[in-house]
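Here are a few notes to read alongside the model.

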Amino acid sequence: MAIFEGAGVALITPMNEDFSVNYDKLEEILEEQIAGGTDCIISCGTTGEASTLTIEEHLEVIKRTVEIVNKRIPVIAGTGSNSTETAVEFSKEAQEYGADGVLVVSPYYNKATQKGLIQHFETIANAIDIPVILYNIPGRTGVNIEPETIAYLVNNVSNIVGVKEASGNFTNAIKTLRLCSDIDMYSGNDDQVVPLMSIGAKGVISVLSNVAPRQTHDMCRAALDGDFVKARKMQIEALDVIENLFTEVNPIPVKAAMNLQGKNVGPLRLPLTQMEKAHEDALAKAMKEYGIL
């Protein structure tokens, strides 16, 4: 059984004005996500600024998220690193805190071979008992997890169960599904949710859900119910907002969008900077037209 089906939110990490983590705000936005119909929380991924959290902060955000959600919906912890040893330690801690699974990005900067990727993911998965979802995002990491590599891992490591597919390569996605038909695939791109679900993906790990949880959930629900006419319409209606959420590198725009909504999630840590005014104005216009501002 999949950890979740539908819309999982790649949750931002709220900050105070002094750039410390705002744990009170974290609880507030988690409650809003659950009330909005989100099917799963993904903590400390790219959108959560995991790369600039300290080790202590990273683990504390995961721990508090698990405690606040309290099994109402699944929590998946982002535990990836370009150091296998670090990823193992993060994953073991996440399991101890009660996370329902871990999301493990392919090692960035190292640009490991496919053989290295297999050993990296096997080592992490063998250190824990909870499910592992691979995260394939070559635009961020510099390396693609090839369909044959994903298939080998899913077919040979019992707790490697899925992939967040953010390569944008539909041919590879189809090939992955052909090689391991029981894989839990999730779209990693908000503009490709319905297309990927039409070929067998279980849902999305979404940036859009931070600002439009109900709409993202309903779009996925329609696809899961086989109503692709409705799902397609909702995907198209969301396109302008989605495009404006990526005019600058994620999560710059989504934090700006949440602040525009009055959620006061604070600033970003360097090297991420405040959104350019022209981009923010365009984002606000798209949000108004979509009905979320």
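1. Where H2 ends. Helix H2 is followed by Asn70, whose phi is positive, near 50°. Helices here are DSSP runs of H or I with at least four residues, strands are runs of E with at least two, and both are numbered from the N terminus.

2. Before going further, please keep in mind that this is a predicted model: local features need pLDDT of at least 70, side-chain atom pairs count only at pLDDT 80 or more, and totals for chains, interfaces and linings use all residues. Residues are numbered from 1 along each chain as its sequence is written, and side-chain values use heavy atoms, with hydrogens and water left out.

3. The length of H2. This helix covers residues 55-69, 15 residues in total, and spans 21 Å from its first C-alpha to its last, close to the 21 Å expected at 1.5 Å a residue. The expected span is 1.5 Å times one less than the number of residues.

4. The surroundings of H2. Its buried residues (under 20% relative accessible area, with a 1.4 Å probe and protein chains only) include Leu59, Val61, Ile62 and Val66. The buried residues of H2 pack against helix H1 (23-35), strand S2 (40-43), strand S3 (75-78) and helix H3 (84-97); contact means heavy atoms within 4.5 Å.

5. A look at His58. This residue is found in H2 and is buried, with a relative accessible area of 3%. Leaving aside residues up to four places away in sequence, His58 touches Cys44, Ala50, Leu53, Gly78 and Phe90.

6. A helix pair. Helix H4 (residues 114-126) and helix H6 (residues 147-156) pack at an angle of about 30°, with their axes 10 Å apart. That makes H4 roughly parallel to H6, a term for angles under 35 degrees. The axes are lines fitted to C-alpha atoms over the stretch in contact, and angles run from 0 to 180 degrees between N-to-C directions. On the H4 side the contact is made by Gln114, Ile118, Phe121 and Glu122, and on the H6 side by Thr149, Tyr152 and Leu153.

7. Finally, H12. Why is helix H12 (residues 252-260) described as largely enclosed by the rest of the structure? The reason is that 7 of its 9 residues are buried, among them Ile252, Pro253 and Lys255. The buried residues of H12 pack against H1, helix H11 (239-244) and helix H13 (277-290). Just after H12, Gly262 takes a positive phi of about 85°.

Notes: Buried < 20%, exposed > 50% of the residue type's maximum accessible area, 1.4 Å probe, protein only. Parallel < 35°, antiparallel > 145°, perpendicular 65-115°, else oblique.
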